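Take a look at the sequence and the model shown here. We'll walk through it one piece at a time.

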Amino acid sequence: MTRLTDNDIVDIAYSVISYDRDLIKKTGFSLGQIGAAAAGYDLSKNCLADCKVAIIPVTSGKGLIKGFSESVVAIVDHLGGQSFITGSTDVRGLTEAYSRDAHVVMLADDHCFAAINLVSRKIVDNAAATAQGYAVALDRMAGSLHNKDVLLIGAGQVGAAAAIALTELGAHLVIFDINKKKESNLARSMESRSSFPVRAGFSLNEALGRCSILFDASPGRHFVTGEQVDEKTLIAAPGIPLGLDPDAARKVSERLIHDPLQIGVATMLFQALVK
Ligand code: 2YC
């Protein structure tokens with residue numbers, strides 16, 4: 001899991017409205033609609049207004065990330081939740097969340113970013129939620145992924161969850177990872193879940209030549225060049241840093257979904273609220 005830097009998240013709090021406007025332009029759906037769809041949460045039946053969310057700063061490992069808790073608050077409040085950052089960190093922060101009647105707590109150390117519903121005891125992990133939220137966003141941007149070839153780059157935690165979510169949306173998967181053992185293990189594990197053969201074993205260039213719809217769940221930087229994308233390319237890229245190099249990012253910019261926290265946090269919140 002790539003640890004975010006304060007620079008990655010510096011503008012989230014003040015740009016969440018323009019971010020959402022851009023997401024609607026690209027997919028036709030808002031951050032709330034995408035997160036709720038990925039969670040199976042019915043926005044028309046529920047409202048977040050009475051949902052108190054405590055964000056607990058965690059100092060373990062490499063410590064706090066400047067702006068992390070504030071970014072999560074901005075996203076939750078943009079979605080209609082009532083959130084607060086606990087005054088204390090770590091264990092005391094958890095006791096504070098309980099004493100201030102939080103419904104959901106959200107907290108992250110260097111290995112896990114979780115949302116926990118204190119009433120239903122539902123636990124949600126950021127990696128799986130991010131994969132599911134991005135898969136829905138790509139589906140909406142493509143009109144539908146049903147029976148369409150999708151190149152999944154990265155067979156790690158997010159990639160494995162994305163493979164399931166994309167397959168459930170009807171995508172025909174081509175899987176690529178620089179680690180060929182991880183790539184073939186994920187492809188094999190997906191065979192039983194997909195009614196269509198899961199393909200793997202290509203070089204990156206061959207795989208990019210076969211698919212115009214990409215899901216970049218890898219931590220690789222700038223490995224996709226401008227020559228490898230075109231006006232048909234659609235890409236959902238939860239991986240940090242961005243896999244597209246600047247030339248490719250410029251060419252695909254109107255059809256690129258990439259953010260450090262927003263879609264993952266939105267999906268976590270709604271998933272924590274459904275039974
Ligand atoms: O400020 C704090 O409370 C820190 N303990 C937060 C550490 C977050 C570490 N994880 C990450 O940077 C990201 C996750 C948000 C998802 C993947 N990596």
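A word on ground rules. This is a predicted model, so local features need pLDDT of at least 70 and side-chain atom pairs count only at pLDDT 80 or more, while totals for chains, interfaces and linings use all residues. Residues are numbered from 1 along each chain as its sequence is written, and side-chain values use heavy atoms, with hydrogens and water left out.

**The ligand**

Let's start with the ligand, which has 15 residues around it, the closest being Thr-2, Leu-4, Val-58, Ile-65 and Ala-108 (a residue is near if one of its heavy atoms lies within 4 Å). By class, that shell holds 10 nonpolar, three polar and two charged residues. In this scheme Ala, Val, Leu, Ile, Met, Phe, Trp, Tyr, Cys and Pro are nonpolar, Asp, Glu, Lys and Arg are charged, and the others, Gly among them, are polar.

| Residue (backbone atom) | Ligand atom | Distance |
|---|---|---|
| Leu-4 | oxygen | 2.6 Å |
| Val-58 | nitrogen | 2.8 Å |
| Ile-65 | oxygen | 2.9 Å |

On its own the ligand has 470 Å² of accessible area, and the protein covers 95% of that (Shrake-Rupley method, 1.4 Å probe).

**The cores**

The largest nonpolar core has 70 residues, and Met-106, Leu-138, Leu-166 and Phe-215 touch the most other members. A core here is a set of buried Ala, Val, Leu, Ile, Met, Phe, Trp, Tyr and Cys residues joined through side-chain atoms within 4.5 Å. Buried means under 20% relative accessible area, exposed over 50%, and partly exposed in between, with a 1.4 Å probe and protein chains only. Apart from this core lies another of 20 residues, including Leu-151 and Phe-176.

**Pro-57**

Where does Pro-57 sit? Pro-57 is in the loop between strand S1 (52-56) and helix H3 (68-78); helices (H or I, at least four residues) and strands (E, at least two) are DSSP runs, numbered from the N terminus. Pro-57 is buried, at 11% relative accessible area. Beyond its neighbours within four places in sequence, its contacts (heavy atoms within 4.5 Å) include Leu-64, Ile-85 and Asp-90.

**Helix H2**

Helix H2 (residues 31-39) is mostly covered, with seven of its nine residues buried. Among them are Leu-31, Ile-34 and Ala-38. The buried residues of H2 pack against helix H1 (12-27), H3, helix H5 (126-141) and helix H10 (262-273). After H2 comes Gly-40, with a positive phi near 70°.

Definitions and conventions. Polar contact = N/O pair within 3.5 Å; in protein donor to acceptor, adjacent residues only side chain to side chain.
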